[in-house]
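Notebook open, model loaded. I'm going through the ligand site, the domains, the sheets and the helix packing, in that order.

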Amino acid sequence: MVSNVSDKSYVDEEPLTERKTREEKKKVQKALLQSDVHSKSDKSPVTVADYGSQAIVSYVLEKELPTESFLLVAEEDSGDLRKENGQETVQRITELVNDTLVVEECYTAAALSTEDVLRAIDSGKSEGGSSGRHWVLDPIDGTKGFLRGDQYAIALALLDEGKVVLGVLACPNLPLTSFGANKQHSSESSNDKIGCLFFAKVGEGTYMQSLDGSSPIKVHISAIENPEEASFFESFEAAHSLHDLSSAIAKKLGVKAPPVRIDSQAKYGALSRGDGAIYLRFPHKGYREKIWDHAAGSIVVTEAGGVVTDAAGNPLDFSKGKYLDLDTGIIVTNQKLMPSLLKAVRESIQEKVSSL
Ligand SMILES: Nc1ncnc2c1ncn2[C@@H]1O[C@H](COP(=O)(O)O)[C@@H](O)[C@H]1OP(=O)(O)O
Ligand SMILES: [Mg+2]
Ligand SMILES: [Mg+2]
Ligand SMILES: [Mg+2]
């Protein structure tokens with residue numbers, strides 16, 4: 001629920017010229033991507049945009065925070081780029097990084113070399129943990145959504161002694177108004193202005209602004225108490241979350257609306273402003289969740305009044321290094337719905353196990 005709906009700049013339709021520019025940009029983006037996609041050792045995709053985003057965020061953070069001892073836990077590393085056949089890709093990333101930094105006048109003094117870019121990417125090698133402060137970055141969360149032209153996010157969080165104290169989620173394809181059961185998943189189909197930035201600091205609430213810089217408004221999670229009125233989010237990719245289990249849980253709970261499938265932590269952002277009331281995530285057996293996939297999103301939701309737990313109701317523990325130690329999955333909703341959601345999750349998991 002957006003608390004200040006009187007701010008007309010949020011709800012105005014995007015002018016035709018802007019929409020055309022956005023569509024043009026997307027065409028360029030798609031053309032760029034086809035030759036710039038690689039596969040990592042776990043078979044997940046990585047693009048020049050993932051590497052470039054990590055290099056830029058890492059470089060800018062280090063420049064902006066020169067007095068802090070700088071520790072960053074980030075998804076990508078330069079291993080594949082430093083191999084013999086990685087040279088061309090590094091060159092390409094370096095061009096993109098320099099082009100982007102030029103736009104920000106304070107970073108134009110000297111163009112970064114390929115080695116500077118590789119070094120910036122590798123600043124993200126910290127392991128995290130329970131002591132000190134660590135920045136946590138997913139430079140592109142939801143790379144598959146990014147490649148489809150759907151939802152993705154740039155997710156940055158700060159851990160202090162293993163607790164998330166700050167989170168920022170940029171969602172370039174998320175409409176500024178709602179993205180719920182009544183909307184289609186693709187931003188292509190919407191005439192709304194798109195591009196949202198969510199940010200949350202511990203104890204201070206969650207705010208959203210447009211990516212082109214409108215003034216921030218405070219957002220709140222849905223206050224729905226009756227599950228029949230709730231809609232739920234889950235992964236777009238069936239390979240990332242068990243859709244049949246979510247569907248069993250939703251049915252048990254009495255949720256009537258069909259699932260809303262969105263890529264990335266954009267789900268947490270949309271949930272924080274009440275677009276839906278529940279997020280269910282049940283990765284396939286053997287998948288280990290990483291902290292950069294949930295740190296920013298979880299504080300964005302909890303500061304908006306939501307609750308984020310594993311499937312057994314335990315809070316997420318970000319203090320154990322790169323991975324989250326979880327019981328089965330991640331569930332998110334408001335405080336009122338959580339007890340019945342937990343019950344439905346427990347029963348559905350038991351039924352699934354006994355049917356095997
Ligand atoms: N096999 C997998 N199961 C669950 N999540 C995955 C899997 N592979 C990658 N992911 C990560 O899940 C997140 C997106 O999932 P979803 O969009 O379904 O919420 C991303 O962080 C993605 O990483 P990445 O950051 O590389 O895109
Ligand atoms: Mg990835
Ligand atoms: Mg991710
Ligand atoms: Mg990523």
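Predicted model: local features only at pLDDT ≥ 70, side-chain atom pairs only at ≥ 80, totals over all residues.

**Ligand site**

Which elements each supply at least two residues of the shell around ligand 1? I looked it up: they are β4 and α5 (143-148). Element names here are DSSP runs numbered from the N terminus, helices being H or I of at least four residues and strands E of at least two.

Residues are numbered from 1 along each chain as its sequence is written, while chains are lettered from A and ligands numbered from 1 in the order in which they are written.

I then asked which residues come nearest to ligand 1. Of the 18 around ligand 1, they are T143, S235, H240, D263 and D293; a residue is near if its C-beta atom, placed from the backbone, lies within 6 Å. Sorting the shell by class, I get four nonpolar, eight polar and six charged residues. My classes: Ala, Val, Leu, Ile, Met, Phe, Trp, Tyr, Cys and Pro are nonpolar, Asp, Glu, Lys and Arg are charged, and the others, Gly among them, are polar.

**Domains**

I have domain 1 at 8-219 and domain 2 at 227-351, with bounds from an automatic or database domain assignment. Each of the two gives at least three residues to the shell around ligand 1.

Next I checked how they touch. Contact involves 44 residues of domain 1 and 34 residues of domain 2, where two residues are in contact if their C-beta atoms, placed from the backbone, lie within 7 Å. On the domain 1 side, the elements giving two or more residues are β3, β4, α5, β5, β6, β7 and β8. β6 gives the most, seven residues. That side has 23 nonpolar, 13 polar and eight charged residues.

**Seven-stranded sheet**

I traced an open, mixed sheet of seven strands in the order β3-β4-β5-β6-β7-β8-β9; strands pair if DSSP finds at least two bridges between them. β3 (72-74) and β9 (217-219) are the edges with a single partner strand each, so one side of each has no neighbour in the sheet. From one strand to the next, the twist averages 20 degrees. For angles, axes are lines fitted to C-alpha atoms, for helices over the stretch in contact, and values run from 0 to 180 degrees between N-to-C directions.

I followed the strands at the β9 end. β7 and β8 run antiparallel with five bridges, and F198 has M208 in β8 as its bridge partner. M208 is also partnered with I217 in β9, while T206 stands opposite V219 in β9. β8 (206-210) and β9 are antiparallel over three bridges.

Both turns got a look. The β7-β8 hairpin has four residues between the strands, and G203 there has a positive phi near 80 degrees. The β8-β9 hairpin has six, with G213 in the turn at a positive phi of about 100 degrees.

Two helices on this sheet: α2 (48-64) lies across β3, β4 and β5, at about 150 degrees to β4. α8 (295-302) lies across β4, β5, β6, β7 and β8, at about 95 degrees to β6.

**Five-stranded sheet**

This one is open and mixed too, in the order β11-β10-β12-β14-β13. Its edges are β11 (260-261) and β13 (306-310), each with a single partner strand, so one side of each lacks a neighbour in the sheet. β10 (232-234) and β11 are parallel over two bridges, and E234 stands opposite R261 in β11.

I found α6 (243-253) across β10 and β12, at about 170 degrees to β10. α9 (338-354) lies across β12, β13 and β14, at about 150 degrees to β14.

**Helix packing**

At what angle do α2 and α4 pack? About 80 degrees, with their axes 8 Å apart. The two are therefore roughly perpendicular, a label for 65 to 115 degrees. Y51, Q54, A55, S58 and Y59 in α2 meet V117, A120 and I121 in α4, and the contact divides into six nonpolar, two polar and no charged residues.

I also checked α3 (87-103) against α4 (114-122): the axes come within 9 Å and cross at roughly 85 degrees. V90, Q91, I93, T94 and V97 in α3 meet T114, V117 and L118 in α4. I count five nonpolar, three polar and no charged residues there.

Notes. Parallel < 35°, antiparallel > 145°, perpendicular 65-115°, else oblique.
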